[in-house]
Each structure stands twice: as structure tokens, then as C-alpha cells.
Amino acid sequence: TKDMPFLEKVMLKSGLSDIFDARDLTEVVYRVMRDLMTTEAADRVEEELHKPVEPTNNKSLQMEIADLWHDTNPIVGFLSRVRPPWQGPGIFKIDSDRFLFRVANEGGMPPNADREQVVKAVFSATKDELSPERIQEIASWLPDKVRQLWEEA
């Protein structure tokens with residue numbers, strides 16, 4: 001699958017049947033990942049994702065992976081740049097359960113989709129695009145069970 005387009009990898013590995021679901025859920029997984037990271041770390045990841053998500057004539061899919069990482073919602077993209085990472089004590093801490101809950105509930109996940117399988121598919125497709133340094137850096141920000149999904153992807 002290394003040479004497959006990004007969203008097709010996500011579809012194949014997640015079991016999703018719609019490329020738009022793959023796009024939307026990738027964006028949500030990325031949003032939760034960014035919420036765990038500093039702005040500087042998120043920027044380093046984004047720098048490596050300037051590749052097309054899908055070779056297509058469909059204008060709604062003519063974007064880079066970095067556009068999904070940055071967030072196509074300008075307000076969400078802005079807020080993720082100005083707030084601190086959601087780690088440590090407090091109600092906003094993102095542990096593995098909250099990470100998976102957010103992916104399942106913020107992304108309009110199809111009822112037959114498995115949230116862990118979707119997260120792992122996005123992780124796998126993303127790791128194909130990143131340097132070993134970014135792969136390790138992202139792993140350092142992820143909570144226990146989600147980090148395990150990252151390592152297995």
C-alpha cells in the first residue's frame with residue numbers, strides 16, 4: 001500500500017467504504033492528535049505532510065494531507081494554535097478513552113466502523129508520509145493505548 005494515495009490507504013485499512021468518510025475521520029483524528037501537542041510540534045508534523053490526499057478531479061478532494069492536519073475549519077485551526085496541549089491533570093486531559101471517544105463522536109463515524117481500526121488506519125497512512133523523527137515525536141505525545149495503536153500501525 002506504500003504507493004497508494006493517502007485516502008485510499010485510510011479506506012482500505014479502516015474498512016470504510018466512502019472516501020469522504022475517510023477524509024472527514026482523518027481530519028478528526030488529526031484534530032485530537034494536535035490537541036495533545038504543542039503548536040511547534042504540530043507545525044513540524046505539518047511541514048512533512050505537503051502531499052496530495054488523492055489524485056482526483058473532484059474539487060472537494062483536491063487538497064494536501066497538511067490541509068487535513070491543519071484543519072479545514074478555520075476556527076478550530078486557530079484555536080488549536082493558541083491553546084496549550086491538553087495533557088496533565090484537569091478536565092481537558094486527553095487520555096486514550098477520550099481520544100477514541102472524540103474520534104467516534106466528532107467525525108460522524110459510520111455505525112459499522114470500528115473506531116480503533118479507523119484510528120490505526122489513519123496512523124498507518126500518516127506514518128508512510130513522515131520521517132522517523134516525526135514518527136517518534138508524535139509517539140511521545142500519545143496516551144498509552146493510542147500510542148500502542150500508533151506503534152502497531
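Mentor: Let us begin with Lys51, which has a relative accessible area of 30% and counts as partly exposed. The model is a predicted one, in which local features need pLDDT of at least 70 and side-chain atom pairs count only at pLDDT 80 or more, whereas totals for chains, interfaces and linings use all residues. Residues are numbered from 1 along each chain as its sequence is written, and side-chain values use heavy atoms, with hydrogens and water left out.

Trainee: Why is Lys51 called partly exposed, and why is Glu129 called buried?

Mentor: Buried means under 20% relative accessible area and exposed means over 50%, with partly exposed in between (1.4 Å probe, protein chains only). Lys51, at 30%, therefore falls in the middle class, while Glu129, at 15%, is buried.

Trainee: What makes the pair of Glu129 and Lys51 a salt bridge?

Mentor: The term requires a side-chain nitrogen of Lys or Arg within 4 Å of a carboxyl oxygen of Asp or Glu, and the closest N and O atoms of Glu129 and Lys51 are 3.5 Å apart. Because Glu129 lies in the loop between H7 and H8 and Lys51 in the loop between H3 and H4, the pair ties together parts that are 78 residues apart in sequence. Elsewhere, salt bridges that share partners join Arg31, Arg34, Asp35, Asp71, Arg102 and Glu106 into one network.

Trainee: How many helices and strands does the chain have, and how do you know how compact the chain is?

Mentor: Counting DSSP runs numbered from the N terminus (helices H or I, at least four residues; strands E, at least two), the chain has nine helices and zero strands. Its radius of gyration is 14 Å, close to the 15 Å that the globule rule gives for 153 residues, so the chain is as compact as a globular protein of that length. The radius is taken over C-alpha atoms, and the rule is 2.2 Å times the number of residues to the power 0.38.

Trainee: Which residues touch the most other members of the largest nonpolar core?

Mentor: They are Tyr30, Met33, Phe99, Phe123 and Trp150, in a core of 45 residues. H2 gives the largest share, nine residues. Such a core is a set of buried Ala, Val, Leu, Ile, Met, Phe, Trp, Tyr and Cys residues joined through side-chain atoms within 4.5 Å.

Trainee: Why is Val82 called exposed?

Mentor: Val82 has 52% relative accessibility and therefore counts as exposed, its value being over the 50% limit. Val82 is in helix H5 (residues 74–82).
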